[in-house]
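User: I am new to reading protein models and would like to go through one slowly. Could you show me how to look at its features one after another?

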Amino acid sequence: MRDNEAWENHDTCGKGPRAAPDLAALSARTTLFNAIMYSEGGLGRAERELGALVASAVNGCAYCASVHARRYEALSARNDVISAIYTRGLDAPFDEKTQALVDFCRALSQTPVAVEPHHVTALRQQGFNDGDIIDLMHSAAIFGWANRLMHTLGHPQRR
């Protein structure tokens, strides 16, 4: 198979070039994504998925939001959180731990300087340590990048 064969039927969402992306950069991004989302220890996998969901919701990437909503629900069995997000948005009321996570990731995704000390304090009050907060920051931040790639380049379509 040619290096760019998977990208020949690439959906650009009408916004970006139809040229195949830089495969070396795509490979590096995949390695980074796997390290952030699947690493052992630290923040739980469900919370990382919820961080990615919040970032994707803020960024308007319905594709990524739906993928991470399914993963979060499968890992956490928290259909209530997903239902609230999809029926009432990120302004829905959540339990304190979920609210702290949503508020932090929402602020970070809107503009990084919007994260204030009270966001970090709220996470710490819910049992998040510094390593957990850094993991959460990474999971939301990588979707700032990934969502922008999806919006401009689209995503590969299976044949």
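User: Let me begin with one side chain: is Asp-80 buried, partly exposed or exposed?

Analyst: This is a predicted model, and the general idea is to look at the relative accessibility of a residue. With 44% relative accessibility, Asp-80 is counted as partly exposed. For contrast, Arg-70 in helix 3 (residues 62-76) has 55% relative accessibility and counts as exposed.

User: Which residue does the side chain of Asp-80 meet in a salt bridge?

Analyst: For a salt bridge, one looks for a side-chain nitrogen of Lys or Arg within 4 Å of a carboxyl oxygen of Asp or Glu. The partner of Asp-80 is Arg-78, with 2.8 Å from N to O, and Arg-78 is itself partly exposed at 25% relative accessibility. Arg-78 also forms a salt bridge with Asp-95, where the closest N and O atoms are 2.8 Å apart. This second pair links distant parts of the chain, since Arg-78 lies in the loop between helix 3 and helix 4 (79-88), while Asp-95, 17 residues apart from it, lies in the loop between helix 4 and helix 5. Asp-95 counts as partly exposed at 33% relative accessibility, and through shared partners the salt bridges join Arg-78, Asp-80 and Asp-95 into one network.

User: How many salt bridges does the structure hold, and which residue forms one with Lys-97?

Analyst: There are seven salt bridges in the structure. One of them is between Lys-97 and Glu-47, whose closest N and O atoms are 3.8 Å apart. Here too distant parts of the chain are linked, because Lys-97 belongs to helix 5 (residues 96-110) and Glu-47 to helix 2 (residues 45-59), 50 residues apart. Both ends are partly exposed, Lys-97 with a relative accessible area of 37% and Glu-47 with one of 22%.

User: What should I make of a charged residue without such a partner, and how far from Asp-132 is the nearest side chain of opposite charge?

Analyst: In such a case one looks at the surroundings of the residue. Asp-132, which lies in helix 7 (residues 130-153), is buried yet has no salt bridge, and the nearest side chain of opposite charge, that of Arg-48, is 6.7 Å away. The side chain of Asp-132 does, however, reach the backbone nitrogen of Leu-43 at 3.3 Å. Leaving aside residues up to four places away in sequence, Asp-132 touches Gly-42, Leu-43 and Gly-127.

User: What is the mean pLDDT of the chain, and over which residues is the pLDDT below 50?

Analyst: The mean pLDDT is 84, and 82% of the residues of the chain reach 70 or more. Over residues 1-14, however, the pLDDT is below 50, although beyond near neighbours in sequence this stretch has 34 contacts in the model. Where pLDDT is low, the predicted coordinates should not be read in detail.

Technical notes. Residues numbered from 1 in each chain as written. Predicted model: local features only at pLDDT ≥ 70, side-chain atom pairs only at ≥ 80, totals over all residues. Heavy atoms only, no water. Helix = DSSP H or I, 4+ residues; strand = E, 2+ residues; numbered from the N terminus. Buried < 20%, exposed > 50% of the residue type's maximum accessible area, 1.4 Å probe, protein only. Lys, Arg positive; Asp, Glu negative; His and termini not counted. Polar contact = N/O pair within 3.5 Å; in protein donor to acceptor, adjacent residues only side chain to side chain. Contact = heavy atoms within 4.5 Å. pLDDT = per-residue confidence, 0-100.
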